[in-house]
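Subject: Handover of a structure and its findings

Dear colleague,

Please find below the structure that I am handing over to you.

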Amino acid sequence: MTSKAKKIYLNGIVQGVGFRPFVFKLAEELNLKGWVNNSSKGVTIHAEGENMDCFLQRLVSDSPPLAKILMVRTEEANFENFCSFHITRSEAQQDADVLISPDVATCQDCLHEILDKNNRRFGYPFTNCTNCGPRYTIIRDVPYDRAQTTMSTFPMCESCAAEYQDPRDRRFHAQPVACEECGPKVQLLDSSGRLIPGMGVDQLVQGGILAVKGLGGFHLVCDAGNREAIERLRQRKERGAKPFALMVRSIEKARQEVLIDKKEEELLLSPAAPIVILERNQNQANLLPDNIAPGIHTLGMMLPYTPIHHLLFKGPLDFLIMTSANLSGRPLIYTNEEALTLLNGIADYILVHDRDIYHPCDDSVIQRIGGEAVYFRRARGYVPLPISLTSSKLKKSILGLGGDLKNAFCLADDQRAFVSQYLGDMESFETMERFQQELESFQRVVNVTPTVIAYDQHPNYHSTRFALEQEQQPKIPIQHHHAHLASVLGEWELSDPTLGIICDGTGFGEDRCIWGFEVLYGNAASYERKGHLEYLPLPGGDAGAKHPVRIAYAYLKTLLTGEEWTKTLPLWHSLLPNERKILDRQLEKDIQIFQTSSAGRLFDALSGLLGICTEVTYEGQAAIELESTATLFLRQVNSGGKNEGTEDVSEYPYEIRLEGNEYILGVAPLFQAIVHDCLQGVSRGKIAYRFHLTIAGAITALAMQFQHHGQLALSGGVFQNKLLTEAVLQNFKDKNIKVIRSRTLPPGDGGLAFGQVLIANEVL
Amino acid sequence: MERIMMAHGSGGRLSHELIHSLFQKYLGNSFLDQMNDATIVPGQEQLAVTTDSFVVSPLFFRGGNIGRLAVCGTVNDLAVSGAAPKFLSLALILEEGLPLEELERIIQSVADTAKEAGISIVCGDTKVVERGSADKLFINTTGIGYSNRYFVNPQQIQPGDGILITGTIGDHEIAILSDREGLEFETPVTSDCAPLNGLIDSFFQVGVKCMRDPTRGGVATTLNELAQQAGVSMLLKEESLPILPGVKGACDMLGLDPLYLANEGKALVIVKPEAVESVLQVMHAHPLGHRAAQIGVVQEGKPGLVLLETPLGGKRIVGMLEGEHLPRIC
Ligand SMILES: [Fe+3]
Ligand SMILES: [Mg+2]
Ligand SMILES: [Zn+2]
Ligand SMILES: [Zn+2]
């Protein structure tokens, strides 16, 4: 009988997910001998024995839940006649190819332990195993080993070491393994720095505001049922109207407040445990105060995802406000030192611990739109998962710098692209510093050293300035909406030219106008602008964008005829007479007027015109409140609760005209009709709803000018609008046109960097 | 109404009349009266010389006119260099058709401002161009000053130094903008156009390391240049920036940033830390300096980096502006 020996190489997410113990157990079961180890190239196995085919097959089919195998390669090996199967030491190599796992929410096994009085980990806030716990946020370098993580300062006690070394144990080589005796500890401090007992549960009940150090950074936490506490938090954080995220004890409790369908439940319970944006339950009296999310019909909720969170729910509270601890406009706070200085005065108590965070990471935010998860913010739980480019290979290693307001960068080489966690607004110097820090450490973790830089064409972007200061060459400027298109096509690995409709706020256009509602045809290699929303005057640029009524005024004055305009005069009561005079002069003499085809500003304008949002305190507020108003109208109609004009919830008129080679969406008829309705006293909910239908109709009509293409890509931040997007999807479904949307990256600027990389690769 | 004709620049009778009835009448002094091809002025070892051309629309604006501007601009360039301005040349390019009455008011204003600044107009020139070849009136002035004080220079700037401004920022540009475009803001703003040599004389003392007048490009651009030249970083505090409510209101309306607006009667003064208080005190005592304030500090850091700290404690980069502030919100 000739015994076989094989070397098997696997890579992908195969470290920190219990892969070697799985191999060990499988080999024992199949009576194979040899060894398995981790290297920076992945997992290597030397196996000898009879059941080789079965072994190879089950390696892939039975792999642990968190593992993701991207490549398996086998080769013949010398038969060395091993007498057992064992796990050998990790070896470090120059070229790391192993993928690091994102952080994983506490598993059920670990949860049972911390709730079990008889378990040695009862109440221990850092309990984890190979199936759960911190990963990316604590990793300094590869290969993934305790010494390379922020757990390196905690030598294991005997009991933990025994678990760690036992291939049959759930904690075998779980790098962050720890217990009360040997691991990190929490401390509760009051605002004067005095140590107090407990974990802050009682303080929360009493209405206190707690800063809690979690997985990727600090949260500010308070009782979500306590209106005063929430108000205090808002004031101390100078937060305006921006909604707060919630953490809820359980899905069952969440259902008291929001509607949750099967897929949303899956998202909430997934290992990434993101914040899911859910519609508030309209049919019953809600318990939670409306100052959590003023003026909007949704709540962002997540489930506890670390033992610390589970322990916070040991008290009576079912809902906690759980908002990222950052100071307005600045990046997430993640070190104890920063928290103790910056959060003093905001938090009454602070719950810190001594396990350092290496990669600060905000919570991810997702909403289900048209049946699929749409990322609003991609961070904890998803980073650093790569996007694999199976059908193409990058010519060089490329850094895409992303956008400016919701920055995330992308590092890519060969056949993989890694998009960083959401980092925030680059206008803030601290965010810029965080960006540079993460750029450097991310290069190590994903092992990509970029030689080429792709950046947005916008001359005033901070990322543009940064790009121009770097040594790498070439530096390739990329049109904003082309990057949006390339990003979504790249996610689906489509390389043929495709029609795309990009609706977002603003991006710098080739003609130096501000683009934002664009019909583009192309791929990463090139694009043509086939159409757009007509240019409208945005007074005062970004300052104007904070005052939606001013936008409405400028748009309507431009769009309406003299007679129609005169009729609108009663609609401008929220503008001061002087403000109007200045707007008139600005428009007349073209002073600080920016010509824009922005879709976002169109929604803002209507929100302002209807008086839904007259001053913007957070990005997207005007459009979000408009969507809420429209959605609530729809719900009322559907529930039969409203008599008013259900017969006429149709599209408003608009026009599409061909100018040169471009189809221009004209909105004069739309606003004429809206003004008419406003003056007739039609409810703003109805107007807002019909407006959404109209824009969805216009998107469809624009695309249908090119119907021979049969498929269409949608991208841009405006497609985070559920009402609009679902109306658009329905339209195309009726017309049998396949719609392609972003699936693992945000459709907004969070997905921009990936598109930049793909375009730069074509330019090279 | 009498207007400028091509013949006013021909060197003939009309030119002479213009010189006598206007320039000598208002500007005459022992130097100008020499009427030679070149004027002899008393000198000393170290002279400071600077030149500037002035084109502004409208010619007359709230708080000044192009004549006053032409004197202040050059006087201030000398003064912030640490020199005592003494002599000024005045060269005019006139567009055919300019009302003589307007020219007279401007020359009168040149004379008044020269007197206010304590300097003499020592030579001049007038050219007339055809209608459409210039916009009403352009002025060039060259200034000479005595540089007998120690040298002010960006190389002396060090971390810890205070950054002072002699008054409110952005007044000039908002005044010009509202007058040119007919914008009526809630609180009208007047240009700050003024000669600064008197104010600078009052506070100039050991410890003043460098001065600049933040004209075109405003405080932001000037400090960026300075930080680059000195190889230091600077941190400004938003709360401490002196800004008139009228300027603030106009900026909020139009989407402008006061840090980038032109000033014509302000100096940025870099002062060693020990001298900040005393310099500020003297500034406050002067009529042109009563709104003087420390707006920031020089610090270690990336050379050329200018940061602004907001009231919430966050910082943003105040860069050189490339063109206009294009919308960024996505
Ligand atoms: Fe965008
Ligand atoms: Mg000059
Ligand atoms: Zn676990
Ligand atoms: Zn232990």
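On a 1 Å grid over the protein atoms alone, a pocket is an open set of points with protein on both sides within 12 Å along at least five of seven lines, a cavity is a set of points where a 1.4 Å probe fits but cannot get out, and lining residues have an atom within 4 Å of a point. Grid points are joined across faces, edges and corners, and a volume is the space filled by probe spheres set on the points.

This is a predicted model, in which local features need pLDDT of at least 70 and side-chain atom pairs count only at pLDDT 80 or more, while totals for chains, interfaces and linings use all residues. Residues are numbered from 1 along each chain as its sequence is written, chains are lettered from A and ligands numbered from 1 in the order in which they are written, and side-chain values use heavy atoms, with hydrogens and water left out.

Pocket and cavities

The second largest pocket has a volume of about 1,100 Å³. It is lined by 37 residues, and those closest to its centre are B:Glu173, B:Thr215, B:Arg216, B:Gly217 and B:Ala262. At least two lining residues come from each of β1 (47–54), α2 (66–80), α4 (171–181) and α6 (218–230) of chain B; helices (H or I, at least four residues) and strands (E, at least two) are DSSP runs, numbered from the N terminus. The most is given by α4(B), with 6 residues. By type, this lining holds 13 nonpolar, 12 polar and 12 charged residues (Ala, Val, Leu, Ile, Met, Phe, Trp, Tyr, Cys and Pro count as nonpolar, Asp, Glu, Lys and Arg as charged, and the others, Gly among them, as polar).

The whole structure contains 8 cavities of 30 Å³ or more. The largest cavity has a volume of about 120 Å³. Its lining comprises 17 residues, with A:Pro134, A:Leu215, A:Thr306, A:Pro307 and A:Arg355 nearest the centre. That lining divides into 9 nonpolar, 7 polar and 1 charged.

Aromatic contacts

Over all chains, 15 aromatic pairs were found (rings of Phe, Tyr and Trp, the last by its six-membered ring, pair if their centres lie within 6.5 Å; planes under 30 degrees apart count as stacked, over 60 as edge-to-face and the rest as tilted). The pair A:Phe409 and A:Phe442 is edge-to-face because the ring centres are 5.4 Å apart and the planes stand at 85°. This pair links distant parts of the chain, 33 residues apart: A:Phe409 is in the loop between β18 (398–400) and β19 (410–413) of chain A, and A:Phe442 is in helix α11 (residues 429–446) of chain A. A:Phe409 is buried at a relative accessible area of 0%, and A:Phe442 is buried at 0% as well (buried means under 20% relative accessible area, exposed over 50%, partly exposed in between, with a 1.4 Å probe and protein chains only).

A:Tyr553 and A:Trp572 also form an edge-to-face pair, at 5.0 Å centre to centre and 75° between the planes. A:Tyr553 belongs to helix α15 (residues 548–559) of chain A and A:Trp572 to the loop between α16 (562–567) and α17 (577–589) of chain A, so the pair ties together parts 19 residues apart in sequence. A:Tyr553 is buried at 1% relative accessible area, and A:Trp572 is buried at 2%.

Yours sincerely
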